[in-house]
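These questions take up the terms used for the model shown here. Each answer sets a value against its cut-off.

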Amino acid sequence: MKRSDGYLLDNRQTEAGERFEAFATLFDPTTFRHLEGLGIGSGRRCWEVGAGGTSVVSWLAEKVGPSGQVLATDIGTSLLASVARPPVEVRVHDVGAEEPPGEGFDLVHARLVLVHVPDRERALQSMIKALRPGGRLLIEDADPALQPLVCPDEHGPEQRLANRLRHGFRRLLADRGADLSYGRRLPRLLREAGLRGVEADAYFPLTSPACAVLESATIRQIRDTLVTANLATNEDIDRHLANIEAGGMDLATAPMISAWGTKA
């Protein structure tokens, strides 16, 4: 397969909203726990990078209140229109290619973003630059190479098919510049960037209705690309979607690693 350009999971596609809702169900409790621990409160200025959906932006807006600010940026902001009112500002921005959209933020947060950004080093430096001294950075990203299977318990033909399609998905991501082992490096990268008090943990759902919703939406979103790349047939995909609908598989996600630290 030749190198391809462009984001594989475009926010403008119909399935994107389903994926963001599934991410919210799966990962919001972990994200909110970390944000609470970082002391986000009234009057704070926050930058939500690669916001995609609305759940984290809305949570931050409630925490900072009318005297605070939440800047929500993404390369595609169509799903953010419903929250584009004070204290939330929505802006189109490419964190890996543009200067930060401001400075002096108390918090910068990105979830499941940097693994997809070709210039991850520039993006990370941009987010740190945007923080005030003493500001907090929270990066949460997947590590698909750490746990590459959608069915870790591969005990039958349905699970083997699911894992074969997941392998195809990972190839498509890698071909577009995604770093499938990025999550595990976050603690070291934050320390090397000069952040203090760096800590990290990981969350790994093994089975959940939201995992099934996420898998179905993802496969439908990348269906044509999988077939065009000869990584699956339409028959494979129809069978897998039917297997998901039948509800007999334990479907997992890649581990999400959360790392945080303080700017000196």
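**Helix contacts and backbone angles**

Q: Which residues of H6 and H7 meet?
A: On the H6 side they are Ala 212, Glu 215, Ser 216, Ile 219, Arg 220, Arg 223, Leu 226 and Val 227. On the H7 side they are Asn 234, Ile 237, Asp 238, His 240, Leu 241 and Ile 244. Seven residues of this contact are nonpolar, three polar and four charged. The model is a predicted one.

Q: Why are H6 and H7 called roughly antiparallel?
A: Their packing angle is about 175°, at an axis separation of 10 Å. Angles over 145 degrees count as roughly antiparallel, so H6 and H7 are roughly antiparallel to each other.

Q: What is the hand of the crossing of H4 and H7, and which residues make the contact?
A: The crossing of H4 and H7 is left-handed. H4 contributes Glu 158, Leu 161, Ala 162, Arg 164 and Leu 165 to the contact, while H7 contributes Asp 236, Arg 239, His 240 and Asn 243. Sorted by class, the contact of H4 with H7 holds three nonpolar, two polar and four charged residues.

Q: How do you know that Asp 236 is buried?
A: Its relative accessible area is 9%. The cut-off for buried is under 20%, so Asp 236 is buried. This residue belongs to helix H7. With neighbours within four places in sequence left aside, Asp 236 is in contact with Leu 161, Arg 164 and Leu 165.

Q: What describes the packing of H4 and H6?
A: In general, an angle between the axes and a distance between the axes describe two packed helices. For H4 and H6 the angle is about 65° and the axes are 11 Å apart. Their crossing is left-handed. From H4, the contact takes in Leu 165, Arg 166, Gly 168, Phe 169 and Leu 172; from H6, Glu 215, Thr 218, Ile 219, Ile 222, Thr 225 and Leu 226. The contact of H4 with H6 has, by class, six nonpolar, three polar and two charged residues.

Q: How does the reach of H4 compare with the expected span?
A: Helix H4, residues 157-175, has 19 residues. From first C-alpha to last, H4 reaches 27 Å, close to the 27 Å expected at 1.5 Å a residue.

Q: Which helices do the buried residues of H4 pack against?
A: They pack against H6 (209-228) and H7 (234-246). Among the buried residues of H4 are Leu 161, Leu 165, Phe 169 and Leu 172. Residues three or four places apart in an α-helix point the same way, because there are 3.6 residues a turn.

Q: Why is Ala 217 called buried?
A: The relative accessible area of Ala 217 is 0%. Buried means under 20%, so Ala 217 is buried. This residue is in helix H6. Apart from neighbours within four places in sequence, Ala 217 is in contact with Glu 15, Glu 18 and Arg 19. Its C-alpha and that of Leu 231, 14 residues apart along the chain, are separated by 18 Å.

Q: Are Asn 230 and Leu 112 buried or exposed?
A: Asn 230 has 71% relative accessibility. Exposed means over 50%, so Asn 230 counts as exposed. Leu 112 stands at 18%. That value is under the 20% cut-off, so Leu 112 counts as buried.

Q: Where is phi positive just after H4?
A: Gly 177 takes a positive phi of about 95° there.

Q: What is the peptide bond from Pro 86 to Pro 87, cis or trans?
A: This bond is cis, with omega near 10°. Most peptide bonds are trans. Pro 87 lies in the loop between strand E2 (69-74) and strand E3 (88-92).

Conventions. Residues numbered from 1 in each chain as written. Predicted model: local features only at pLDDT ≥ 70, side-chain atom pairs only at ≥ 80, totals over all residues. Heavy atoms only, no water. Helix = DSSP H or I, 4+ residues; strand = E, 2+ residues; numbered from the N terminus. Expected span 1.5 Å × (residues − 1). Buried < 20%, exposed > 50% of the residue type's maximum accessible area, 1.4 Å probe, protein only. Contact = heavy atoms within 4.5 Å. Left-handed = near helix turned anticlockwise from the far one by under 90°. Nonpolar A, V, L, I, M, F, W, Y, C, P; charged D, E, K, R; others polar. Axes fitted to C-alpha atoms, helices over the stretch in contact; angles between N-to-C directions. Parallel < 35°, antiparallel > 145°, perpendicular 65-115°, else oblique.
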